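Biologist: I would like to learn how to read a fold from its atoms, one feature at a time. Could we begin with what counts as a contact, and go on from there?

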Amino acid sequence: MNYSNIFVILFICGTAINFLLDHTLEAVDFGFRKKHGKEVPEGYEEYFDSSTLEKTVKYENAKYFFYIPKSIVFLALNLVLVFSGFYVEVFKWSWNLTHNAYFTAILFSLITAIPKDIISIPFDLFREFKIEKKYGFSTMNFKMWLADEIKGLLVSLVISLPLLCLAMAVLIHIKSWWFILSIVIVAFSLGLSFIYPVLLAPIFNKFTPLEEGELKERLEALLEKVGFKASGIFVMDASKRSKHSNAYFTGFGKSKRVVLYDTLIAQLSHEEIEAVLAHELGHYKHHHIIKKMLISIPLTFVSLFVVNLLSRIPALYEGFGFGIVSSLEESSQVQGMQQLLGIFLLSLVFEGFTFITSLISNCASRKDEFQADKFSKDLCNSGKPLATALIKLNKENLSECSVPKIYSLFNYNHPPLMDRINAVTKD
């Protein structure tokens, strides 16, 4: 390991900055919550009670005190895996065993994921069965949790391994691999949007058509009014795992559907559910998803082009102990494997700087949310149903009413509750 190497320096700096920034922001939010968390928002005394706010503070504090050791453990693990030469040894072993780029890529990807997956297990169990259970959210048992983990692993393998082999084929056989691989990634993302609601989501949850009645009539009328054509309105049995609530659109074309959590239906009035759906329709009418795609697709091409340039620099491999690659017999498979290692190493190097892109994307997302809220207000001829829905959901999920501005900038892709309420209720 060469600690004077520019890529190693970037990795260390990015990791340190990201860690310190996260802990600083969480500490700032903790201090704000300690001082203001139990204060009833002025003018909304009828909607908030001190006991709920106190429970919210305790729940958020429990998550914060859980986050501290978890983040430290994963920081230490990340540094150990990089500086111990673990990745280098796994690559050498995989290549010497197979002398095949495809099998090496598969073995390397699977084995390097194992340490973090194993370390995650106790933290996931503690979060689910200690924190979420204690505050009345989790309705899971261990058998269900284990089944979800196994199904998630199998689904991940079925999807990722063929995609990895396809990526290797591109890296091995195509000189301008960055361009073709960008097309593959974009096509895969779009294809996943089509198959997710029909094939993948039902593996974990049961989706049943919304039963006939006033609510269905109101929601269908709303969809027709906006011109949104969906394959149906479905209720997801979210309550078998958690009491948290949500509603969303998913899919494209004929697979497009509206999904309501059963917990949402139990917690809100028909008028409030209509307002929540109107908010989601606001995203559709303002073409937020399309606009994000028009940004993300070119960024995919640009990012992989830059990766293509950086992955040609020998210092990238030498700095992290992968100088062994250059000593291997020159072949298209070795070149393809080197490109894959380059992508892997660059993801390590720049992972610590993702807070920059998060800051930008969160800002854009919050703007879209305000726009969707306004659409709901205009469509329902009042902002009150959405406001009361947001308040109820916030209370049911024990979410903070207000957070420090700096905290929301980095961590919230939705505006804080009171910002949304004030915007949707003003004349």
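Modeller: Contact here means heavy atoms within 4.5 Å. Please keep in mind that this is a predicted model. With that cut-off, and leaving out residues up to four places away in sequence, I421 touches Y44, A387, L390 and I391.

Biologist: Which residues have the most contacts inside the largest nonpolar core?

Modeller: In that core of 45 residues, they are L219, L260, L281 and I421. Among the elements that give two or more residues to this core are the helices α7 (214–226), α9 (270–285) and α17 (417–425), together with the strands β2 (233–236), β3 (247–250) and β4 (257–261). Apart from it lies another core, of 39 residues, which includes F7, I106, Y317 and V334.

Biologist: How should I read the strands, and in what order do they lie in the sheet?

Modeller: Strands of a sheet pair through backbone hydrogen bonds, either parallel or antiparallel. Here 4 strands form an open sheet with mixed pairing, in the order β1-β2-β4-β3. Because β1 (207–209) and β3 stand at the edges with a single partner strand each, one side of each is left without a neighbour in the sheet. From one strand to the next, the twist averages 30°.

Biologist: In which sense does β4 pair with β2, and in which sense with β3?

Modeller: With β2 the pairing is parallel, over 4 bridges, and V235 has L260 of β4 as its bridge partner. With β3 the pairing is antiparallel, also over 4 bridges, and F249 has V258 of β4 as its bridge partner.

Biologist: Which way do the side chains of β4 point?

Modeller: In a regular strand the side chains alternate between the two faces of the sheet. In β4, R257, V259 and Y261 point one way while V258 and L260 point the other way, and all are buried. Helix α9 lies across β3 and β4, running at about 35° to β3.

Biologist: What span should the 13 residues of α3 have?

Modeller: At 1.5 Å a residue, α3 (residues 86–98) should span 18 Å, and its end C-alpha atoms are 18 Å apart, which agrees. Just after α3, H99 takes a positive phi of about 50°.

Key. Residues are numbered from 1 along each chain as its sequence is written. This is a predicted model: local features need pLDDT of at least 70, side-chain atom pairs count only at pLDDT 80 or more; totals for chains, interfaces and linings use all residues. Side-chain values use heavy atoms; hydrogens and water are left out. A nonpolar core is a set of buried Ala, Val, Leu, Ile, Met, Phe, Trp, Tyr and Cys residues joined through side-chain atoms within 4.5 Å. Buried means under 20% relative accessible area, exposed over 50%, partly exposed in between (1.4 Å probe, protein chains only). The expected span of a helix is 1.5 Å times one less than its number of residues. Two strands pair if DSSP finds at least two bridges between them. Axes are lines fitted to C-alpha atoms, for helices over the stretch in contact, and angles run from 0 to 180 degrees between N-to-C directions.
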